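Subject: Structure handover

Hello,

Here is the structure for you to look at. Please open it alongside this note.

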Amino acid sequence: GLHYTKFAQSVMGPSTSSFDVQALVRDCHETYKDLCAFQSLAVPVHNAGKVTSDYVALGFLAGDFGPAPHPLKQLVAYERLFAVAADATATAHLNLTLGSLARRDAHGHLVLYPGSYSLLVDVPTQASWNFTLTGEAATLEEWPQYRTEGRGA
């Protein structure tokens, strides 16, 4: 959005940057696997200007995971910080779920794929956190399939 000040951001990700897909799914105890927490990333935002302003931390996901073509990026998390004073720092938290990392396959199933991921903050990108998912892909949600066999025309 439009600001009358200047913000500087960074991302404070965990020290681990590689995660096993099967372990993430196995450790999930939600009925709907797409709702399972993955990471909550702190995004310190410093108001480097002279005007108090709100700030919306936007988290986009990009990377090479799943079948091509790969999306350039997609919005996966956001948080609004209110009235960040001049020369002050506030922290947003971008909460990622397994579902926010997943993509739909050709059958509509929601799949968590191994690959290289990047969480990009803001437009244009001001900060990022890179991580990798390893192992075998896991289906988080199956889309019902319509069957046409045996039906008259």
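This is a predicted model: local features need pLDDT of at least 70, side-chain atom pairs count only at pLDDT 80 or more; totals for chains, interfaces and linings use all residues.

Five strands form an open sheet. Their order is β2-β10-β9-β4-β5, and the pairing is mixed. The edges belong to β2 (18-20) and β5 (74-84). Each has a single partner strand, so one side of each lacks a neighbour in the sheet. From one strand to the next, the twist averages 20°.

**Strand β9 and its partners**

Strand β9 covers residues 115-121 and strand β10 covers 127-134. The two run antiparallel and share seven bridges. Within this pair, S116 sits opposite T132 of β10, and L120 sits opposite S128 of β10. The hairpin of β9 and β10 has five residues between the strands. There, D122 takes a positive phi near 80°.

Strand β4 (residues 53-65) also pairs with β9. Again the sense is antiparallel, over seven bridges. Here F60 of β4 faces L120 in β9.

How many of the seven residues of β9 are buried? Six are, so the strand is largely enclosed by the rest of the structure.

**The core**

The largest nonpolar core holds 39 residues. Those with the most contacts inside it are F38, L98, L101, L112, Y117, F131 and L133.

Take Y117 as a way in. Neighbours within four places in sequence are left aside here. Y117 then contacts L61, A62, G63, F65, L101, L112, W129, N130, F131 and L133. Among these, L101, L112, F131 and L133 are also on the list of residues with the most contacts inside the core.

**T5**

T5 lies in the segment before β1 (7-9). Is T5 buried or exposed? Its relative accessible area is 16%, and buried means under 20%, so T5 counts as buried.

Best regards

Methods. Residues are numbered from 1 along each chain as its sequence is written. Side-chain values use heavy atoms; hydrogens and water are left out. A nonpolar core is a set of buried Ala, Val, Leu, Ile, Met, Phe, Trp, Tyr and Cys residues joined through side-chain atoms within 4.5 Å. Buried means under 20% relative accessible area, exposed over 50%, partly exposed in between (1.4 Å probe, protein chains only). Contact means heavy atoms within 4.5 Å. Two strands pair if DSSP finds at least two bridges between them. Helices (H or I, at least four residues) and strands (E, at least two) are DSSP runs, numbered from the N terminus. Axes are lines fitted to C-alpha atoms, for helices over the stretch in contact, and angles run from 0 to 180 degrees between N-to-C directions.
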